[in-house]
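Me: I am new to this structure and would like to understand the words used to describe it. Could you show it to me and then take my questions in turn?

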Amino acid sequence: MAALADLVPCPAEWPRAAMAALAAAVFAALDVVDVLLCLVYGVLDGFLEEIPLGCYCHRSRGKAPAVGEEEADGVSDTLYVRRSACRDALLRLLGAVGGGTRRKEDASPAKARSPRWSDCGCGKCGAWRSNGGDRLHFVLQEPTAPKKEETRSESGRGDDAIFIHGFTSSSSFWAQTVFPEPAAANHRRLIAVDLLGFGDSPKPANCAYTLRDHVEAIERSLIDPLHLGSFHLVSHSMGCTVAIALAAKHPARVKSVTLVAPPYFLPCEERASQVALRRLAEKKLWPPLLFGSAVMSWYEHIGRTICFVVCKNHRFWEWLIKILTRTSGVDIVVRDLTRHTHHSAWHTMHNVICGGARAQDRNLEALAAAGVPVRVVHGDADQVVPVECSSRHLKSKLPHAELRIVGGRDHRTVVFGREEELAQELRAFWSGCEKAGCAG
C-alpha cells in the first residue's frame, strides 16, 4: 500500500492542464447544484417563513459605483456579481421559462425572523436575544496583581488591548491562546470580542454585516461602555480589516495595531472586492482548504445547505466527536466553526473581506497620517493569505510598519503553538509604543 501511495502523486503534482480541466468540470457541476438548490429553498422559505428573504441569484444592485469608488451602503458588489458562465446561463434560462422561478426581492429584511428555519435555535445559540440583542459578547481579563515589592511606577497600568478574531472564529481564538500567557496579562486589561454574527454575539437576520456594522457594534459594546480612552488593537485574518477600519476612525485613541496574517491587495483597475474574492476564494480543488473557501464563498445555496447540516445540528456533531474521541469537550476550532448562521457568515465574507478591501487604502492612509504604530506578523507557509501578496504589499503601503515573517507557520499556527513567543512580542511592542507616546 505504501508503495502504491508513492506511485500516485497528490493533486498538486498533477499536470496543470488536467487540474484546470477537472476544476472547471467540478465547479460547473456545483453551478448546476446551486441553481437547483435556489429553487428548493425558494419553495421551502415560502412555506416556512412568514416573510421570506430573497437570495442574490435574481437581484440586481442597480448602478454600481465606478472603479476606485466605494459603496455608500457598505454592501459589496460580490453579493450580486460572481461571474460564472454556466451559472449565468442557467439563471437566464430559468428566468426565460417563467417568473414563477423568481424569488421575491422586496421582502423587507428588517422584518426577518431570527433564527430562520435553517438556523439552530438552541438555548446557547439564541441566548443573545434574551440579553438585549445589540451588545457583543466579549471576554475580559483583568491585569494580574502587581507584586508587593514593585514600586508604583513599575506596576503602573498600561493601556487596554482589544483582540479581534478572524472568519468563523470567536473570542476563544485569543482567550485560550494569548490570554493565559503572563507576558501579555501584566498590568493591562485584555478584551477579546466575538464579532457580530459569531460566537455568542448577536446574529440578527436583519443585518447586512457590513464593515461599518462591525465597527459600530464594537463601539457600542466595548469602547463606550468600558470607557476606553486609549487602547491597543490585535487582530487575526479578517479581523485585521475590522481593526484597521476601527483604528482609522479613532486614530487618537489607538496606541498601536498588530495585524496577524492580514488580507491586503494592491489597488488595480479592477474592483478591489472582486480581486479579493478571486484571490482568497480562488476556484481550485487543491489544497482542500482553498476548495472549501471557494465553495462557501461562490455558492450561496450550497453554503446554506452546509450550514444547515453542520451548524443547525452542531449539538449532534459535538456529541459524536466526544464519543469518537472519548473526550469531555470539542476543540475550539470545531466549536467556533459551527457558531454562526449562514446569513451572518455569507454577508460578513462578502461585505467585510471582499467589500472591506475597497476601504483598505483609505483607512491605511489615515493610520499613516496619524502616525499609529503598526506591526504585521505573518507565517511564510500561509496558504489562505499568502504573505507574498498581502503583508509585503501592506508594508509597501505603510513603510513605517514593522514586518515580522515567521518561518514554517501557516494561517493558524502563526498563533497556535507559539503563544508564549507572540505574547512576549506583543508586550514588548506595547511597552515601546506607550513609552514613545509618553516621550512625545
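What follows is a set of questions about how terms are applied here, each with a reply.

Me: What should I know about the model before we start?

Reply: This is a predicted model, in which local features need pLDDT of at least 70 and side-chain atom pairs count only at pLDDT 80 or more, while totals for chains, interfaces and linings use all residues. Residues are numbered from 1 along each chain as its sequence is written, and side-chain values use heavy atoms, with hydrogens and water left out.

Me: How many helices and strands does the protein chain have, and what makes a run count as one?

Reply: The protein chain has 16 helices and seven strands.

Me: Why is Ser-273 called buried?

Reply: A residue is buried when its relative accessible area is under 20%, exposed when over 50%, and partly exposed in between, using a 1.4 Å probe and protein chains only. Ser-273, which lies in helix α8 (residues 272-280), has 0% relative accessibility and therefore counts as buried. Contact means heavy atoms within 4.5 Å, and, leaving aside residues up to four places away in sequence, Ser-273 touches Ser-76, Asp-77, Thr-78, Cys-354, Gly-355 and Arg-358. Across the protein chain, buried residues make up 50% of the 440 residues.

Me: What makes Ser-237 and Arg-188 buried or exposed?

Reply: Ser-237 sits in the loop between β4 (231-236) and α7, and its relative accessible area is 10%, so Ser-237 is buried. Arg-188 is in the loop between α5 (182-185) and β3 (190-193), and with a relative accessible area of 5% Arg-188 is buried as well.

Me: How do you know which class Gly-432 belongs to?

Reply: Gly-432, in helix α16 (residues 419-439), has a relative accessible area of 37%, so Gly-432 is partly exposed. Its C-alpha atom is separated by 9.9 Å from that of Ser-256, 176 residues away along the chain.

Me: Why is α7 called oblique to α14?

Reply: Helix α7 (residues 238-249) and helix α14 (residues 360-370) pack at an angle of about 50°, with axes 8 Å apart. Such axes are lines fitted to C-alpha atoms, for helices over the stretch in contact, and the angles run from 0 to 180 degrees between N-to-C directions. Angles under 35 degrees count as roughly parallel, over 145 as roughly antiparallel, 65 to 115 as roughly perpendicular and the rest as oblique, so α7 is oblique to α14.

Me: What makes α9 and α10 roughly perpendicular?

Reply: The axes of α9 and α10 cross at roughly 110° and come within 5 Å, and the two helices are therefore roughly perpendicular to each other. In their contact, Val-295, Met-296 and Trp-298 of α9 meet Glu-300, Ile-302, Gly-303, Ile-306 and Cys-307 of α10. These residues divide into six nonpolar, one polar and one charged, where Ala, Val, Leu, Ile, Met, Phe, Trp, Tyr, Cys and Pro count as nonpolar, Asp, Glu, Lys and Arg as charged, and the others, Gly among them, as polar.

Definitions and conventions:
Helix = DSSP H or I, 4+ residues; strand = E, 2+ residues; numbered from the N terminus.
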